[in-house]
Each structure stands twice: as C-alpha cells, then as structure tokens.
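User: Could you take me through the aromatic pairs in this model, and then turn to a strand pairing?

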Amino acid sequence: MSILYITLQAKGGVGKSYVSSILAQYLLDSGQPVHCIDTDATNPTLLRYAPLNCDYLQLAEEHVVNPRAFDQLVERLASAEAETPFVVDVGSNGFQPLMAYAVENDLFAVLEGLGVRVVINSVIAGGADTLETLRSTKLVLEQTRAPTLVWLNGHLGALEHHQRPIHELGLFELHAARVIGWITLHRYTSHTFGQDIEQMLKQRWTFDEAIAQLGLMPRMRLRKVKQELWSQLDEVFRAV
C-alpha cells in the first residue's frame with residue numbers, strides 16, 4: 001500500500017510548500033523512498049528544492065481539475081510498491097477544484113480502495129491569516145473522511161482564534177477522531193532563528209543544505225529547529 005500525503009490549503013503564502021518539504025525531508029531521513037510531486041500551476045515552490053527530486057504535475061487548469069493528469073497520479077499511486085510515500089503539494093489555486101472533484105467522485109475512498117492510504121496535511125497560520133486558513137481546514141474536515149495532520153504555523157502570528165488556542169476550538173473537538181496529530185512551527189526571534197529560517201526558505205534549501213552552507217551559529221540554530229520538528233513528527237508517527 002502506498003501512502004499519499006497531500007497538502008491542502010486555499011490560502012496562499014502560509015507555508016504549504018514549507019510543510020510539504022519538512023515532511024518529505026523527515027521521511028527521507030527515516031530511509032523511505034519518498035516521491036514528491038508539485039501541482040501548483042503558478043508558483044511550484046516544492047519543485048525548487050533540488051534534493052527532493054520533485055516531479056511536476058499540473059492537476060488543475062483554469063480552476064478545473066484535469067482528469068487526465070489526475071489519472072496519471074492515481075496510476076503512480078496505485079502501482080507503487082508497498083509503503084511508498086508520496087508527498088503532493090497542491091497550490092492554493094488548485095484547492096477549490098481539487099476539493100470539488102474529490103467530493104463529487106469520493107476520491108480519497110476510491111484511492112483507499114486501490115490500496116492507497118491517504119493523509120491530508122492542513123496548514124493553519126497564526127495572525128491575520130488564522131480565520132481564512134481555519135475555513136479551509138474546516139472544509140477539509142467536513143467534506144472528506146481522510147486522516148488529517150494539522151500544521152500550526154506560528155511564524156505569521158499568534159496561534160489563537162477569539163482568544164482560544166487553535167487546538168482547543170470546537171471544530172477540532174468535533175473531528176478529534178480524524179486529527180492524527182499536531183505539528184507546530186514555532187515563531188522564533190527575528191534576528192537569530194527567524195532570520196536563519198527566512199534565509200533557508202528564500203534559497204529553497206533543505207535543512208541539511210542550509211546547515212552545510214551557513215556559519216557556525218546559524219548551523220547550530222537550524223539543527224535545533226530541525227531536531228524539534230523531527231521530534232514532533234516522531235510522536236505523530238509513533239501514534240499512527
């Protein structure tokens with residue numbers, strides 16, 4: 001059975017590709033033969049992470065899913081060797097057409113019937129983007145039945161809504177059985193950790209690339225960030 005980790009969020013610029021790259025790096029570090037696919041029609045960011053050997057597949061054209069392109073993806077997923085993970089990054093412009101297609105065709109249930117396990121990555125951003133990203137996550141939880149890994153991106157602001165922490169909202173109490181874990185991208189001091197991460201993201205470097213190229217103190221800080229994220233992912237994958 002192959003495993004599809006698909007990143008879905010309608011809001012652009014909230015860390016979807018960063019999340020996809022983190023998960024792909026983690027799986028590669030654990031020795032798994034990861035296949036990365038970028039489907040963003042306008043800004044294929046994941047494709048620019050060279051060590052991930054990412055493929056490009058345009059699933060949607062002019063806000064409509066291209067069935068032939070999706071057929072190609074399904075063929076790859078269904079024919080892969082057992083336990084092969086695929087990390088698929090869906091751009092914000094592909095969210096609505098893909099969700100409409102998935103709901104109409106019960107897509108994720110079809111994939112599971114073909115022996116493909118599906119896990120959705122949903123990103124919720126802090127600060128000004130909290131409400132819009134929550135709406136997309138709500139749509140994912142209400143209109144699909146796939147297990148969902150929620151990523152909280154604190155780089156953009158406080159992770160709360162109406163003065164309540166995101167993970168305590170009623171939405172997640174209602175769908176608690178579906179949420180397989182929480183990963184927090186913490187907000188760091190802008191002149192140290194934050195600047196290191198910003199440079200890594202700007203260059204489209206993996207953690208290992210950044211650690212190999214930056215100075216002593218940035219390397220130490222990025223190792224700490226990587227270790228923290230990998231520890232959170234270890235907890236999630238031990239539980240599933």
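Aromatic pairs

Analyst: A search of the whole structure finds 7 aromatic pairs (rings of Phe, Tyr and Trp, the last by its six-membered ring, with centres within 6.5 Å; planes under 30 degrees apart are stacked, over 60 edge-to-face, the rest tilted). The model is predicted: local features need pLDDT of at least 70 and side-chain atom pairs pLDDT 80 or more, while totals for chains, interfaces and linings use all residues. Residues are numbered from 1 along each chain as its sequence is written, and side-chain values use heavy atoms, leaving out hydrogens and water.

User: How are the rings of tyrosine 26 and phenylalanine 237 arranged?

Analyst: Their centres are 5.5 Å apart and their planes at 20°, so the pair is stacked. Tyrosine 26 lies in helix α1 and phenylalanine 237 in helix α9 (residues 216-239), 211 residues apart. Helices (H or I, at least four residues) and strands (E, at least two) are DSSP runs, numbered from the N terminus.

User: Is tyrosine 26 buried or exposed?

Analyst: Tyrosine 26 is buried, because its relative accessibility is 8% (buried is under 20% relative accessible area, exposed over 50%, partly exposed in between, with a 1.4 Å probe and protein chains only). Phenylalanine 237, at 24%, is partly exposed.

User: And which strand pairs with β11?

Analyst: Strand β8 (residues 148-153) pairs with β11 in the parallel sense over 6 bridges; pairing requires at least two DSSP bridges. Leucine 152 has threonine 184 in β11 as its bridge partner.

User: How many residues of β11 are buried?

Analyst: In β11 (residues 179-185), 5 of 7 residues are buried.
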